[in-house]
Amino acid sequence: MDEPDGQPAEDEAELVHGAPSALSRGQLVVFPERADYLDLVGLLYDDGYRVCVDLTGADYQPYMERELPAGVTRERFEVVVNLLATDTRRRIRVRVQVPEADPALPSIFQLHPGTEAMERETYDMFGVVFTGHPDLSRILMPDDWEGHPLRKDFGFGRIPVQFKGAPPAR
Amino acid sequence: MTVAETSEGDQELLPKSRTAGVEYLREVGAVLRIPHLPEGIEEVPTDHDTMIINMGPQHPSTHGVLRVMMELQGETVLRCKPVMGYLHTGMEKTGEELTYLQGPTNTTRMDYISPLFNELVFSLATEKLLDIELPPRATWIRMLMCELNRMSSQVVWLATNGMDLGAVSMMIYGFREREMILAFFEKVTGLRMNHNYIRPGGVAVDLPEGWRDDVLKILEVFPQRLDEYDTLLTGQPIWQERTQGVGVITTEECLALGVTGPILRSTGMPWDLRRDQPYLYYDQVDFDVIVGSYGDTFDRYAIRLNEIRESIKIIHQILDKMPQGDYRVQDKKVTPPPRARIDESMEALIHHFKIFTEGFRVPEGEVYVAVESPRGELGCYMVSDGSSKPYRMHIRGPSFVNLQALPHMIRGALIADAVAVISTIDPIMGEVDR
């Protein structure tokens, strides 16, 4: 099967704009610090990665000792951003570590306005707060829902379904 | 009391008086959601000149349960905001509880108009993690089924878009043609929709006897029918009046908003993952990427119509190239043994039992795989922790992202055009809400 993504050269997989990187099944992944995240996305934007294809999260609560490149602090949450350069037909993935104690990350809305809904979805599902987002509200779950469903400690099928303004049981 | 009752919660469109400065500019800029606003935003009406109404979630032209909050001045849409989540069923959470073999039954229900693409992207992601090579016939079968599915999906779009704009006969024609393809799907997969046919490791069953004749029959009928659509719609003044210059968007705006698929191509940008980042065997077939030039609704109509013609072209080539051989990979750890072997071999029985109860284990890692669905880039981000269930499975639905362009495309349009614009985005709510 052909590689869906452009294969980056082997030697490229070291430092990308000062951030450690790795190859995951042939796909280039960058691991910036939380403080450098916004700058890195901006530098990648200047490199031609003009399209933010996807922004989502992951909760690694049971895997706090997972394998990451040297120099990356493991945190509970990760925000995963897939960027695309249409000119060179290449993709790059940015994985930022977001600590549980302060689950906040700067929004990249100013660079990629298309992430408006994706950041809302990530907030809705993981509770990661995107500072600077124009309208951070729940998007898929009801507004008054408690908890963030895709967190690993959110019970599966154990939460009684509750709706806003539902009539009391007869 | 009354305020509390009529409140829409956090997602409410705020009154103008409570929306200040920059934020207000952005909202006026069509919630343009693009920071650098176009100059010359016309004079802003005050709150009492405008009216906020809801379209949907129960509205025939919202293609499901999309709800659009619109601020109207007379019949002109000023601001609007798509509200979704009415069909949210937690499929990504469910995906974490299903084995890799069960996974496609879940993802296939996301984009229910083109279910095979969802199965395909899930399977490709799993196979990339497993690092297995498929037999050629499996890949060609996948391409055949996906192209047929693309045709049926575009035909459904033509049908519903026709009905939204008042060409009700198109509705009947479109679904008539789709039925031919669905009948073929039923013959191959056993189901008309939600097939669970493309699975990690190949496809569920080989093509049935006589499949080539069935496909040729479809390929014979479709071009005539497409010419009929041309007569019915393309040159018709009313149709042109309703679609030309409606919902215009530019390439830069599309890229900034992450919009892909026919909407991006309608702006003149030839971006099609089948050609630009080939997957399956798309690099071995010859087809054209259809682009528009104005980025309006008519261009998107023409693109979708002509993509059916390109799919026909591709399927003819697939028929010529379809090899003999296995329809799934012969790796006993991934593929269940043939039914006949179970009666005679203890090993086969064990493998069968293990694969269907526990599932096969997938090495640790994470991948993002994208395919070109009829609506745009359909992606799957998958994380495996080495067990038999995905640790995290995220589907990047093209409808979800494309829908975010709605406020921009709809701004300043009449409410009747709003229907045309919603329709031209082709949102499938199952995929938007997942």
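These are my entries, beginning with the ground rules.

**Ground rules.** I am working on a predicted model, where local features need pLDDT of at least 70, side-chain atom pairs count only at pLDDT 80 or more, and totals for chains, interfaces and linings use all residues. Residues are numbered from 1 along each chain as its sequence is written, chains are lettered from A and ligands numbered from 1 in the order in which they are written, and side-chain values use heavy atoms, with hydrogens and water left out.

**Chain B against chain A.** I looked up the contact (heavy atoms within 4.5 Å) first. I found 56 residues of chain B touching 58 residues of chain A. For buried area I used the accessible area (1.4 Å probe) that two parts lose on being put together, summed over both. It comes to about 5000 Å² between chain B and chain A, and carbon and sulfur atoms give 52% of that. On the chain B side, B:Lys93, B:Lys128 and B:Tyr391 lose the most area to chain A, together 14% of what that side buries.

How many salt bridges cross from chain B to chain A? I noted six, taking a salt bridge as a side-chain nitrogen of Lys or Arg within 4 Å of a carboxyl oxygen of Asp or Glu. I also looked up A:Arg93 and B:Glu366, whose side chains form a salt bridge at 3.0 Å, N to O. Strand 6 (residues 365-373) of chain B gives the largest share of the side that touches chain A, six residues. By class, that side of chain B holds 23 nonpolar, 10 polar and 23 charged residues.

**Domains of chain B.** The assignment, which is automatic or from a database, gives domain 1 (1-86 + 397-434) and domain 2 (91-395). I checked which of them take part in the chain contact: 28 residues come from domain 1 of chain B and 34 residues from domain 2 of chain B.

**Domain 1 against domain 2.** Within chain B, these two domains bury about 2600 Å² between them, 58% of it on carbon and sulfur atoms. I found two salt bridges across this interface. The side chains of B:Asp426 and B:Arg375 meet in a salt bridge at 2.7 Å, N to O. Which helix gives the most to the domain 1 side of chain B that touches domain 2? My note says helix 18 of chain B, with eight residues. By class, that domain 1 side has 14 nonpolar, nine polar and five charged residues.

Technical notes
Helices (H or I, at least four residues) and strands (E, at least two) are DSSP runs, numbered from the N terminus. Ala, Val, Leu, Ile, Met, Phe, Trp, Tyr, Cys and Pro count as nonpolar, Asp, Glu, Lys and Arg as charged, and the others, Gly among them, as polar.
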